[in-house]
Amino acid sequence: MKLNEISDNLGASKARMRVGRGIGSGKGKTCGRGVKGQKARTGVSIKGFEGGQMPLHRRLPKRGFHNPFATDYNEVNIGRVQDAVDAGRIDPAQDVTNEALLAGGVVSKPRDGVKILGVGELKAKLNFKVAAASKSAVAAIEAAGGSVEILSAAAPAADAE
């Protein structure tokens, strides 16, 4: 076999439609664009245009409020943390932080920190250093002999005058 003998399998690639090659081709003259009008011309894109009718995105009311300063936590149940400890992905001797949960595959994105929730059962004695924790999670962690340290948000720097 030589390089010039290599070819795709039959049906692996489909030839493009050649337009404007006579009426017998089925795509002659107007090339499938219909007749005249703005959309028959080149370089036209009318996204959301509905022929003068008010477009859907302008008919629908705006609702709610998006807070740009909101904190977006990864919510992690203590049962998932226990599963990671059992699987050996989290070391019980080390502090359980956002970085440790990322490395252990418990969370996939760092976001603004981790909030520990109390669903599941925790048997391992773990020391958590997280952004937030629910009351039930704190109770379960302390019942297992561990501790929870809530990390405060970064304090604004004092004015250097």
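Surface patches are made of residues with over 30% relative accessible area and no salt bridge, like charges being joined within 9 Å and nonpolar side chains (Val, Leu, Ile, Met, Phe, Trp, Tyr) within 5 Å. The model is predicted, with local features needing pLDDT of at least 70 and side-chain atom pairs counting only at pLDDT 80 or more, while totals for chains, interfaces and linings use all residues. Residues are numbered from 1 along each chain as its sequence is written, and side-chain values use heavy atoms, leaving out hydrogens and water.

One nonpolar surface patch consists of Met1, Leu3 and Ile6, which together have about 450 Å² of accessible area (Shrake-Rupley method, 1.4 Å probe; for residues, only the protein chains shown count as cover). Ile6 is exposed, at 52% relative accessible area (exposed means over 50%, buried under 20%, partly exposed in between).

Turning to charged side chains, a search of the whole structure finds four salt bridges (a side-chain nitrogen of Lys or Arg within 4 Å of a carboxyl oxygen of Asp or Glu). In one of them, Arg59 pairs with Glu50, with 3.1 Å between the closest N and O atoms. Arg59 is partly exposed at 41%, as is Glu50 at 31%.

Asp72 and Arg111 also form a salt bridge, at 3.1 Å from N to O. This pair links distant parts of the chain, 39 residues apart. Lys129 and Asp95 meet in a salt bridge of 3.2 Å, and their positions are 34 residues apart. Finally, Asp95, Lys129 and Glu149 are linked in a network of salt bridges.

How values were computed:
Buried means under 20% relative accessible area, exposed over 50%, partly exposed in between (1.4 Å probe, protein chains only). Helices (H or I, at least four residues) and strands (E, at least two) are DSSP runs, numbered from the N terminus.
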